[in-house]
Amino acid sequence: MILSSSSSYAQTCSKYSFSSNRVFKSCNDLPVLNAYIHYNYDSSSGKLEIGYRQTRVSSSQWVSWAVNPTEQGMVGSQALVAYRQPDGKIRAYTSPITQYQTTLAEGNLAFDVSDLTATYANNEMIIFATLGLQNGTTTLHQVWQQGPLSGNVPAIHSTTGPNVQSMGTLNLVSGQTATSSGGAANSKLRKRNIHGVLNAVSWGLLMPIGVIIARYLKVFKSAGPAWFYLHVSCQLSAYIVGVAGWATGIKLGSESVGVVLKTHRTLGIVIFCLGTLQAFALLLRPKPDHKYRIYWNFYHHSVGYATIILSIINIYRGFNILKPDNKWKQAYTGCIIVLVCVAVVLEIFTWALVIKRKKSGSGEKISQSVNGSNGNNSRQGV
């Protein structure tokens, strides 16, 4: 849908006169949420003066207009936010949007903002500001929104109807606007979901399962060397899928200018490095009777457990960032609880078996196997 400055929409907004005697040369009616954008733009300096208006706004609602420097969609948007406080004063501030279901925390934007003010009268909120855009900018990805206040803090807006249609592009030179159906945002959300699923399944499930296989199946004589191959297959599969999930996260980060998820990103890089070290450690594994095998075992177990613990922590950080339906977080939590219960039961059973075999005089080897020590089995201690 294209709206030009010569359309009936533009004629409607062009009739508006600001009480503050501000004059804007260009304006557009936005198609949803009773919103209008007025502006003056100097392409040589990148200076954009805006007056964003939204009508039918109650005193218990906030409004926002934002620019996404890289793409259509909410995450990555650099927002101007305004609402009426309980004392009647109007608060206007900047907020970088780093995640879905944001609470619009105050923060600096990716570009300069000056002269930021807002007015509220007759259920109409107006935000004024001057933005310092990159020289030569001609088209903006814009997002506008409104939502309820919870006390004196912006709460999450509706995720249906006009509230998911309020995005599009604005050509600052021609004055044309194009609205988006939300396809771009949905595509980005789909990529984030793929990133989350790949990492939860690999680092968060397959990797712990591989550890359980290595620690507990080796005590069964009937397992023979099969436990080793199962362990390696499981961990190798987890690593391959995990690298794919890690790579999608790095790609998403490079595409999301203004989105800062420092802790989540740092943990992801650390986990990838630890996982890679584990993969190479298999190639350097000493023989069971080698004098350095005990040190390799300590390294292998320590790095493995650290990788799993950090992975689970980062997966929950991912849930807090993406905020999917609670059922997904609950499902993952249920899987972790099941794995922990299985590990506890197998640990008890294993030590019962160790004690029984010790009493029969054959427990030394199996005891060393449970603890990951050297042994005669060429696959022991993995």
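Student: How many aromatic pairs turn up in a search of the whole structure?

Tutor: The search finds twelve. Rings of Phe, Tyr and Trp (its six-membered ring) pair if their centres lie within 6.5 Å; planes under 30 degrees apart are stacked, over 60 edge-to-face, and the rest tilted. One of the twelve is Phe 24 with Phe 128, a stacked pair at 6.5 Å centre to centre with 5° between the planes.

Student: Before we go on, what am I looking at, and how are residues numbered?

Tutor: This is a predicted model, where local features need pLDDT of at least 70, side-chain atom pairs count only at pLDDT 80 or more, and totals for chains, interfaces and linings use all residues. Residues are numbered from 1 along each chain as its sequence is written, and side-chain values use heavy atoms, with hydrogens and water left out.

Student: Back to the Phe pair. Where in the chain do Phe 24 and Phe 128 sit?

Tutor: Phe 24 is in the loop between α1 (8-14) and β2 (26-30), while Phe 128 is in strand β9 (residues 124-132). They're 104 residues apart, so the pair links distant parts of the chain. Helices (H or I, at least four residues) and strands (E, at least two) are DSSP runs, numbered from the N terminus.

Student: Are Phe 24 and Phe 128 buried or exposed?

Tutor: Both are buried. Buried means under 20% relative accessible area, exposed means over 50%, and partly exposed is in between (1.4 Å probe, protein chains only).

Student: Which residues make up the aromatic cluster with them?

Tutor: Phe 18, Phe 24 and Phe 128 form one aromatic cluster. There's a charge there too: Arg 22 lies over the face of Phe 128, 3.9 Å from the ring centre. A charge sits over a ring if NZ of Lys or CZ of Arg is within 6 Å of the ring centre and within 35 degrees of the ring normal.

Student: Which ring does the charged end of Arg 91 sit over?

Tutor: The ring of Tyr 93, at 4.1 Å from its centre. Both Tyr 83 and Tyr 93 are buried. Tyr 83 and Tyr 93 also form an edge-to-face aromatic pair, 6.4 Å centre to centre and 85° between the planes.

Student: What does the pair of Tyr 83 and Tyr 93 tie together?

Tutor: Tyr 83 lies in strand β6 (residues 78-84) and Tyr 93 in strand β7 (residues 90-96), so the pair ties together parts that are ten residues apart in sequence.

Student: New topic: Ala 129. Where is Ala 129?

Tutor: Ala 129 is in strand β9. Its relative accessibility is 3%, so Ala 129 counts as buried.

Student: What does Ala 129 touch?

Tutor: Leaving out residues up to four places away in sequence, Ala 129 touches Leu 48, Glu 49, Ile 50, Leu 80, Val 113, Ser 114, Asp 115 and Leu 116. Contact means heavy atoms within 4.5 Å.

Student: Which residues does UniProt list for "binding site"?

Tutor: The unreviewed entry lists His 195, His 231, His 264 and His 300. UniProt positions are in the numbering used here, feature names are shortened, and annotations may be inferred rather than shown by experiment.

Student: Where do His 231 and His 300 sit?

Tutor: His 231 lies in helix α3 (residues 226-255) and is buried, with a relative accessible area of 6%. His 300 is in helix α5 (residues 293-322) and is buried, with a relative accessible area of 12%.

Student: What about His 264? Which residues of α4 are buried?

Tutor: His 264 is one of them, and Leu 267, Phe 272 and Gln 278 are also among them. Leu 277 is in helix α4 (residues 262-283) too, but Leu 277 is partly exposed, with a relative accessible area of 45%.

Student: Last one: how far does helix α6 reach?

Tutor: Helix α6 (residues 326-359) has 34 residues and reaches 50 Å from its first C-alpha to its last, close to the 50 Å expected at 1.5 Å a residue. That expected span is 1.5 Å times one less than the number of residues. The unreviewed UniProt entry's "transmembrane region" annotation includes residues 331-355, and over residues 331-355 the chain is 100% helix and 0% strand.
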